[in-house]
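Reader: I would like to go through this model term by term. For each label, please give the value and the cut-off behind it.

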Amino acid sequence: MAVIGWIGLGNMGGSMSANLAKSGHDVRGFDLNPAAVAAAEAGGVKPAQSIADAVNGADVVFTMLPKGEHAKAVYLGGDGVLAHADSRTLLVDSSTIDVAAAQELHDAAAAAGFRFVDAPVSGGMSGAQAGTLTFMVGGEEGAVADATGYIGPMASNIIPTGAATTGQAAKICNNLMLFINLAATAEGAVLADRLGLDKQVFWDIASVSSGDSWALRTWYPVPGLFPLPLQTMTSRPPSPRSWPTRTSAWPSAPPRTPERRSKSAGTSSSCSSGSSTPGSPARTAP
């Protein structure tokens, strides 16, 4: 089994890292939010005191952070991943961030002698908990293949997307389609209500008709609805649930990429995915 460093133990990262621990890996997790660290520890993740502590001796480091600025701070900061990890460590960023930030991380990692892949996910908090996420993995072919070996316990689908940043490009396009779909679902719900349709009846119809979608079955914007009894339907979609809340805060990225430094131990640092980063309180991603 591998030694895995994990940075960002929020709504997504906490469950994802726990699934790796359950599969037998030695997972060391760091987050600025003590509650997130405690929850991950309950799932089998060993608490790390800093980024340096989390990445020390790791075969692979995963990050799951709220935004590009947080990912850059965690990787490029003076007490960040590139400053403390061994260059033989594979780096996997599963945050959902902008393509430009992902390219900056690829370039900085390569300049420092690391292999790096962008590997955002789809499936939300429920998929993170169940280990059924879809991973979109972009980067050099060999690094993508190696990352796939570690990703398995967290995923139902692992899809190589091509060169550097194509994982993030695929995630952005997928999110665009999701939110257009969600907007249409919300408009349909409003129209149905204005035309006098019973809310439950309309949802039951749409969920087994051409208006069906992941957004309708998972993020339907009308509270309190439930699917018809199993015997009245050929298949039973899951009950709608409310939009997941997010918690956490992160500092800004450093203005420049630091020079590669020799590994050091015990230096305090920062981070999170539903949590935080260098010197700030804590927060997550869909």
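Author: What follows sets computed values against the cut-offs that give each label. The model is predicted.

Reader: What does the chain contain overall, and how much of the chain is buried?

Author: The chain has 11 helices and 10 strands. Buried residues account for 50% of its 286 residues. The accessible surface of the chain is about 12500 Å², and 57% of that belongs to carbon and sulfur atoms.

Reader: Why is the pair of Trp 6 and Phe 62 called stacked?

Author: The search of the whole structure finds four aromatic pairs. In the pair of Trp 6 and Phe 62, the centres are 5.0 Å apart and the planes make an angle of 15°. Rings pair if their centres lie within 6.5 Å, and planes under 30 degrees apart count as stacked.

Reader: Where in the chain do the two partners, Trp 6 and Phe 62, lie?

Author: Trp 6 is in strand β1 (residues 3-7) and Phe 62 is in strand β4 (residues 60-63). They are 56 residues apart, and the pair links distant parts of the chain.

Reader: How do you know whether Trp 6 and Phe 62 are buried or exposed?

Author: Buried means under 20% relative accessible area. Trp 6 has 0% and is therefore buried. Phe 62 also has 0%, so Phe 62 is buried.

Reader: What does Phe 135 touch?

Author: Leaving out residues up to four places away in sequence, the contacts of Phe 135 include Met 16, Pro 120, Ile 151, Met 154 and Ile 159.

Reader: What makes helix α1 largely enclosed by the rest of the structure?

Author: Helix α1 spans residues 13-22, and nine of its 10 residues are buried, so the rest of the structure largely encloses it. The buried ones include Gly 13, Met 16, Asn 19 and Leu 20. Just after α1, Gly 24 has a positive phi of about 110°.

Reader: Why is the contact between Asp 146 and Arg 115 called a salt bridge?

Author: The N to O distance between the side chains is 2.7 Å. The cut-off is a Lys or Arg side-chain nitrogen within 4 Å of an Asp or Glu carboxyl oxygen. The distance lies within that limit, so the contact counts as a salt bridge. Asp 146 is in helix α8 (residues 141-151) and Arg 115 is in strand β6 (residues 115-118), so the bridge ties together parts 31 residues apart in sequence. Asp 146 is partly exposed at 38% relative accessibility, and Arg 115 is partly exposed at 34%.

Reader: Which label, partly exposed or exposed, goes to Asp 86, and which to Arg 88?

Author: Exposed means over 50% relative accessible area, and partly exposed lies between that and the 20% limit for buried. Asp 86, at 22%, is therefore partly exposed. Arg 88, at 71%, is therefore exposed. The two form a salt bridge, with their closest N and O atoms 2.9 Å apart.

Reader: How many salt bridges does the search of the whole structure find?

Author: It finds seven. One of them joins Asp 212 and Arg 217, with 2.9 Å between the closest N and O atoms. Asp 212 is partly exposed at 30% relative accessibility, and Arg 217 is partly exposed at 22%. Asp 26, Arg 28 and Lys 46 are linked in a network of salt bridges.

Terms used. Residues numbered from 1 in each chain as written. Predicted model: local features only at pLDDT ≥ 70, side-chain atom pairs only at ≥ 80, totals over all residues. Heavy atoms only, no water. Helix = DSSP H or I, 4+ residues; strand = E, 2+ residues; numbered from the N terminus. Buried < 20%, exposed > 50% of the residue type's maximum accessible area, 1.4 Å probe, protein only. Areas by Shrake-Rupley, 256 points an atom, 1.4 Å probe, with all protein chains shown as cover. Phe/Tyr/Trp six-rings, centres within 6.5 Å; stacked < 30°, edge-to-face > 60°. Contact = heavy atoms within 4.5 Å.
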